[in-house]
Amino acid sequence: MQTESSLPIEVVRPHIVSVRSLVEFVLQSGDLTLGGFQRRDRAQAGTQGHRQVQRSRAAGYEAEVEVAYRLESADLPLEVHGRIDGLYASNEPVIIEEIKTTTLSLDLVNEDHNHLHWAQAQCYAFMYANLHNLKCITVQLTYYHLDSRQEKTFERHFTMPSLESFFFDLITAYLGWIQKMRTLQTRRDKSIQQLEFPYADYRPGQRAMAVEIYKTIRANGRMYVQSPTGVGKTIAALFPAVKAIGQGLVAKIFYLTAKTPGRLVAEKALEDMRKANLRLISVTLTAKEKICFCPPVNCDPEVCVFARGYFDKVKTALEEIDQHQAFTRPVIEEIAQKHQICPFEFSLDLALWADCIICDYNYAFDPRVYLHRFFDFSEEPYVFLIDEAHNLPDRARAMYSAELSKQAVLDLQHVLKPHLPGLAKKLIAINKILLEIRKACQAGGINALVENEPSETLLKSLREFNQMAEDWLVLNQPAPFRQELLEFYFSSINYLRTAEYFDTYYVSYFERLGTADLKAKLFCLDPAPMLAAPLDRSQSAVFFSATLLPMDYFMNLLTGAGDHPKRIFQSPFPAENACLLIHNQISTKYAQRADSYAAVASSIETICGTRMGNYLVYFPSYAYLEKVLELLKERMPESQLLVQGRGMTEAERDAFLMHFSAENQETLVGLAVMGGIFGEGIDLVGDRLIGVIVVGVGIPQLGLERDLIKAYYDRQTGSGFAFAYQYPGFNRVLQATGRVIRTETDRGIIVLIDERFTHARYRQLFPTHWQGFQVVQNTSELKDKLARFWSQA
């Protein structure tokens, strides 16, 4: 038995905070403002400006001096750290220099220009004086103008008692908040230690998946998981990650999704764990454009009341962090409206203190919008749970590609000509380059020019345009054309930034569009090399999906040649609950499509006439859908046909799905496009959907980019067609068929219409729960097999 003296002593880890974060949290006030337009290289120029000032100083000057102060406390040790820009240690008294760079005219900068700057400097002064037992110290606040390279300096003298009083006032205010957060974290950890799996039983494969993910997190590794519908992959991923937080293995969970339905499922999984007494704070991030209270987005405090006085109000709003655990979009909007603050910025501020952040892929992977506050400075252990990971390759290709339109150049040039003729001339130069390329393509009888390097001529003209555009934009003057100029400026910046990444896994192309337009694009063929750095921001990462097949294909696209563990789980649903039929006497190949319309329409009529219920039919394109729809109208009542429209809004999408009711008194046939908004992420349980028909093998439309991907992977793997067309197409098929059996009690039919499904190159892709498929050759066989299946109900 252990005596009291031999009991292990719990070591309380100190809370570590930077001087800047401490000062901003306690003292920041005023409006939320983006500070107007800043040049692209502002951060780099600021760093260079610091160095320029430091190099200009006299002998004996020390630069970048690290300091720290630790406040010992039995409850919560606190460690403040920072770096002094410059120091004259041999002076009497010692001089601490804080350097700030600016593009604001120095005539407008006075001693009280920004109280946060003095506050940071005072903290450094206290920490240094405390370390060296100084009674007084001088603080020199220097503003360096980046354009003129002129300096303006202010000087204040401080005694140690005054610095100590100032510093501990900050600490006291900050500790109140940190004590509150530590109390919540202690409650969280205790609840995690006692947390049981939130459901009565694990589903088949669910416990094994959770165990494998926990091992991956503990080993700081990466893993791929193919987990069919029904395994319960969301809770199987979140439960072990939550357990890892309780054991100190993980600081935050980033649950990354591609679409809104994935975020809602993650929110529900966390809520189910909370019903089992979990105490954990989660924040769901919603795109600024969607959650903004004052659309279109304009963060000018003169225009937006929710930006006005944001920092004066946000601390009160943050105090509500202990009144909620799930900061979903409605909760964030409610609190933001109550306190009259920007909901988007509030969600980001909440995220700093949350345990789980549910958000879109781009907040972790997109170089334009990723969360700098987490990934640029912090070294905390994060886990990335990457849901529906089959969507990430194409999303990543889009993130790491960039394009420009000749028409956009011409339109902006016409707008700017009366107001900024010099800038308009720069656009004329860009347009001339693109026009010459278009003419060359036309003369050569080709639709596109493909090159293995970016056009240096175009890049040079873009840089010249951007430099001149920045000279005007930095003035922050209102103008009717400002937004249009900003949009093209950011497009050109993205093009130039992407050119810096350009490597062997990129291609540059110019494609003729319509009668006069030309698209210039830097296209990322292979996203894996570009995803490497963002993935390194996590300590561990799990890629999971119901359709991560073939897995080697996805591993190649997401992490390249890395040999990471992979697990494929089996469907937990009884095989007899689904009837999978392949109609192999119809070809939907592009050259034979016109001959297939009548046979496809006849098959749909037969399938949906066998049993009354709700069906979804997926087509390879709108054009194909519309041709078959014309024939179906001759065979079925139009009231039974529901068609996916082009560019449907969220409200229209929801209305479409509402038609799929278990209470319907007649058959409903929904016609949709594979890979579209109804191709995945919809959950029609039970009799809301009893059958899915897939027309074709899902091959993406033939086009330049797909052909470029094909050529690249022919060189890399010898499997270009599979990588560019077959595998992405079959993934669409898998997603579509996954709509019909959603629970262990669902029964339904799946009919695949295309003779290619019986070919070996497709059969080898079938998941194991498809092994009982049956082949039919005509509508008579089709009707007979369906009747037998339904008679067993």
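Reply: Happy to! Helices (H or I, at least four residues) and strands (E, at least two) are DSSP runs, numbered from the N terminus. The model is a predicted one, in which local features need pLDDT of at least 70, side-chain atom pairs count only at pLDDT 80 or more, and totals for chains, interfaces and linings use all residues. Residues are numbered from 1 along each chain as its sequence is written, and side-chain values use heavy atoms, leaving out hydrogens and water.

Let us start with Pro-550, in the loop that runs from strand S17 (540-545) to helix H20 (551-559). The peptide bond joining Leu-549 to Pro-550 is cis, and its omega is about -10°. There is another cis bond to look at, going from Glu-92 to Pro-93, with omega near 0°. Pro-93 sits in the loop that links strand S3 (78-88) with strand S4 (95-102). Most peptide bonds are trans, and most residues other than glycine have a negative phi.

Asn-277 is not a glycine, yet its phi is positive, at about 80°. You will find Asn-277 in the loop between helix H7 (260-275) and strand S9 (282-284). Asn-277 is exposed, and its relative accessible area is 52%; the word means over 50%, while buried means under 20% and partly exposed lies in between (1.4 Å probe, protein chains only). Gln-340, also not a glycine, has a positive phi of about 55°. Its relative accessible area is 29%, which makes Gln-340 partly exposed.

Gln-340 belongs to the loop between helix H10 (329-339) and H11, and H11 deserves a stop of its own. This helix covers residues 343-351, and nine of its nine residues are buried, so H11 is largely enclosed by the rest of the structure.

Now step back to the whole. The protein has 27 helices and 25 strands, and its C-alpha trace spans about 100 × 85 × 50 Å along the principal axes. Of its 793 residues, 54% are buried. The mean pLDDT (the predictor's confidence in each residue, from 0 to 100) is 93, and 97% of the residues reach 70 or more. Over residues 1-10, however, pLDDT stays under 50. Where pLDDT is low, the predicted coordinates should not be read in detail.

Technical notes. Contact = heavy atoms within 4.5 Å.
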